[in-house]
Amino acid sequence: MGDIIAPNLTRLSEDWIYFKNREDSAYDERLKIEAQICALLVGDEGTTSGIAGGYKISVTRKNSYIVDNDAYLNVSDQIPSSLNPVRYKPALDLKLFRAVEKSNPKVFKLFIQFITIKPAKPSIKIEEVTK
């Protein structure tokens with residue numbers, strides 16, 4: 001690495017570690033406060049609100065619903081289609097997608113007609129190394 005880049009990258013790495021630690025600490029503290037707020041504004045699924053000291057505080061609770069596919073398939077033929085709450089969403093098998101890209105360009109060209117590729121946010125990891 002060049003003399004100009006190394007000091008800048010070192011300083012940026014130090015700053016990143018400092019602010020990442022502050023961010024992690026703030027996140028942990030925020031979660032503790034949120035737990036206390038939830039304990040005071042008790043409710044079930046939906047929104048519970050309260051007013052305190054000039055603030056309106058709302059807690060929205062949701063449930064996660066997970067379909068047991070095997071159990072569903074055992075009874076799905078007994079459920080009228082108009083009453084069936086289960087919908088399947090297409091998902092990409094990324095490993096196969098990449099394999100086809102390399103092994104079968106003709107088929108891969110078909111994929112591009114229905115798959116949009118956008119860059120995701122880069123992930124950065126900085127660790128101190130011992131000398």
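What share of the 131 residues of the protein counts as buried? The share is 11%, where buried means under 20% relative accessible area, exposed over 50% and partly exposed in between (1.4 Å probe, protein chains only).

This is a predicted model, in which local features need pLDDT of at least 70 and side-chain atom pairs count only at pLDDT 80 or more, while totals for chains, interfaces and linings use all residues. Residues are numbered from 1 along each chain as its sequence is written, and side-chain values use heavy atoms, with hydrogens and water left out.

**Overall form**

The protein has four helices and two strands; helices (H or I, at least four residues) and strands (E, at least two) are DSSP runs, numbered from the N terminus. Their order from the N terminus is α-β-β-α-α-α. The protein is more spread out than a compact globule, because its radius of gyration is 25 Å, well over the 14 Å that the globule rule gives for 131 residues. That radius is taken over C-alpha atoms, and the rule is 2.2 Å times the number of residues to the power 0.38. The C-alpha trace spans about 70 × 65 × 30 Å along its principal axes. Among contacts (heavy atoms within 4.5 Å) with a separation of 6 or more, 9% join residues 24 or more positions apart.

**Nonpolar core**

A nonpolar core is a set of buried Ala, Val, Leu, Ile, Met, Phe, Trp, Tyr and Cys residues joined through side-chain atoms within 4.5 Å. The largest one consists of five residues, Phe-97, Val-100, Phe-108, Phe-111 and Ile-115. Helix H3 (94–103) and helix H4 (105–111) are the elements that each give two or more residues to this core. Apart from its neighbours within four places in sequence, Ile-115 touches Leu-92 and Phe-97.

**Salt bridges**

Six salt bridges are present, each a side-chain nitrogen of Lys or Arg within 4 Å of a carboxyl oxygen of Asp or Glu. The table gives three pairs.

| Pair | N to O distance |
|---|---|
| Lys-32 and Glu-29 | 3.4 Å |
| Arg-30 and Glu-34 | 2.4 Å |
| Glu-127 and Lys-125 | 3.6 Å |

Lys-32 and Glu-29 lie three residues apart in helix H1 (residues 5–40), so about one helical turn separates them. Arg-30 and Glu-34 are four residues apart in helix H1, again about one helical turn. Arg-30 is partly exposed at 42% relative accessible area, as is Glu-34 at 33%. In the remaining tabulated pair, Glu-127 is exposed at 57% and Lys-125 is exposed at 66%. Arg-11, Glu-14 and Asp-15 form a network of salt bridges.
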